[in-house]
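The sequence and the model are shown first, and the description follows.

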Amino acid sequence: VPYQISLWLAPVFYLGGFLAIVGMRPVQPSAHEPGAAPKGRAPVAFLAAYALLYFLLASAEGGLRAFFNVYLDDRLALQVGQIGGIMGVSQLLPVVTALAAPLVMARLGTIRTIWVMSVGAAAGLALVALIPHWGAAAAGFMLLSATISAGSTARNVFGQESVPVEWRTTSSAMGTIGTSLGWALMAVAGGMVIAQMGYRPLFMAGAGLAVSAAALTVAVWGRAPAPNPAAAGTGFP
């Protein structure tokens with residue numbers, strides 16, 4: 001019965017979201033920023049790298065998100081109430097980080113924010129993998145949730161400001177595709193890895209993927225200009 005009640009709440013909240021969307025009014029998008037690809041030319045290289053970035057980060061977090069509650073139950077023997085409490089608090093953190101993300105991006109710049117948050121996600125995954133204790137698991141999952149949330153805001157902004165207006169929906173779609181593929185891969189492969197080798201290799205693989213995302217960011221976009229004078233000098237050399 002508790003599970004049924006929780007599931008019935010979902011369509012109620014989705015209806016509220018639908019009503020909010022219906023009440024929205026269209027706005028005129030801003031012109032594309034300096035340095036974006038010339039109008040009419042598909043920024044294929046950018047879109048491919050952008051999708052890969054999303055894929056790596058979705059794969060990094062996908063294994064932990066898909067199997068975290070199973071890990072707490074199966075490996076750490078936590079009760080259902082404890083698992084729900086940990087995951088509930090973890091889901092509140094993105095609210096704080098989403099509000100803080102604009103300040104962080106203004107300070108560090110979009111590129112460096114993505115890099116820092118990717119490294120933070122890797123640290124959270126490593127913490128869960130290396131210390132089999134509910135406290136470390138909770139801290140690691142919360143760190144992952146917070147950094148992925150802030151990093152997602154930076155990635156969304158970066159994907160929109162880096163292409164002309166007519167390619168912004170495509171840029172957003174590439175992010176969605178990369179995310180979906182990453183989650184699907186880890187959901188399928190994660191169960192196999194756990195059955196054969198346990199939870200630690202899966203979570204450490206996620207940490208490695210997050211580090212790979214940070215490396216990709218530096219390698220491809222490390223020389224991107226700062227978004228405003230206040231952030232000048234914060235980009236990679």
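A patch is made of residues with over 30% relative accessible area and no salt bridge, in which like charges are joined within 9 Å and nonpolar side chains (Val, Leu, Ile, Met, Phe, Trp, Tyr) within 5 Å. Accessible areas come from the Shrake-Rupley method with a 1.4 Å probe, and for residues only the protein chains shown count as cover. A salt bridge is a side-chain nitrogen of Lys or Arg within 4 Å of a carboxyl oxygen of Asp or Glu. Val1, Ile5, Leu9 and Phe13 make a nonpolar surface patch of about 450 Å².

The model is predicted: local features need pLDDT of at least 70, side-chain atom pairs count only at pLDDT 80 or more, and totals for chains, interfaces and linings use all residues. Residues are numbered from 1 along each chain as its sequence is written, and side-chain values use heavy atoms, with hydrogens and water left out.

**Overall architecture**

The protein chain holds 7 helices and 0 strands; helices (H or I, at least four residues) and strands (E, at least two) are DSSP runs, numbered from the N terminus. Along the sequence, the pattern of the protein chain reads α-α-α-α-α-α-α. Of the 237 residues in the protein chain, 39% are buried, where buried means under 20% relative accessible area, exposed means over 50%, and partly exposed lies in between (1.4 Å probe, protein chains only). The accessible surface of the protein chain is about 12900 Å², and 72% of this surface belongs to carbon and sulfur atoms. Among contacts with a separation of 6 or more, 83% are between residues 24 or more positions apart; contact means heavy atoms within 4.5 Å.

**The start of the chain**

Val1, a member of the nonpolar patch, is found in the segment before helix H1 (2-22). Val1 is exposed, with a relative accessible area of 67%.

**Helices H2 and H3**

Helix H2 (residues 44-74) packs with helix H3 (residues 80-108) at an angle of about 150°, and their axes are 10 Å apart. Here the axes are lines fitted to C-alpha atoms, for helices over the stretch in contact, and angles run from 0 to 180 degrees between N-to-C directions. H2 and H3 cross in a right-handed manner; a crossing is left-handed if the near helix is turned anticlockwise from the far one by less than a right angle, and right-handed if clockwise. On the H2 side, Arg65, Phe68, Asn69, Leu72 and Asp73 meet Ile83, Ile86, Met87 and Gln91 of H3.

Arg65 also takes part in the 1 salt bridge of the structure. Its partner is Glu61, with 2.4 Å from N to O. Both residues lie in helix H2, 4 residues apart, which is about one turn of the helix. Arg65 is partly exposed at a relative accessible area of 29%, whereas Glu61 is buried at 7%.

Ala77 lies in the loop between H2 and H3. Most residues other than glycine have a negative phi. Ala77, although not a glycine, has a positive phi of about 60°. Ala77 counts as exposed, at 57% relative accessibility.

**Residues brought together across the sequence**

The table lists pairs of residues with their separation along the chain and the distance between their C-alpha atoms.

| Pair | Separation in sequence | C-alpha to C-alpha |
|---|---|---|
| Val157 and Thr110 | 47 residues | 7.8 Å |
| Met105 and Gly151 | 46 residues | 9.7 Å |
| Leu92 and Ala146 | 54 residues | 8.9 Å |
| Thr113 and Gly151 | 38 residues | 6.6 Å |

Met105 is in helix H3 and is buried, with a relative accessible area of 10%. Leaving aside neighbours within four places in sequence, Met105 is in contact with Thr110, Thr113, Thr153, Ala154 and Val157. One of these residues, Val157, belongs to helix H5 (residues 134-161) and is partly exposed, with a relative accessible area of 33%.

Thr113 has its place in helix H4 (residues 110-130). Thr113 is buried, with a relative accessible area of 1%. Apart from neighbours within four places in sequence, Thr113 is in contact with Val104, Met105, Leu108 and Ala154. Leu92 is found in helix H3 and is exposed, with a relative accessible area of 57%.
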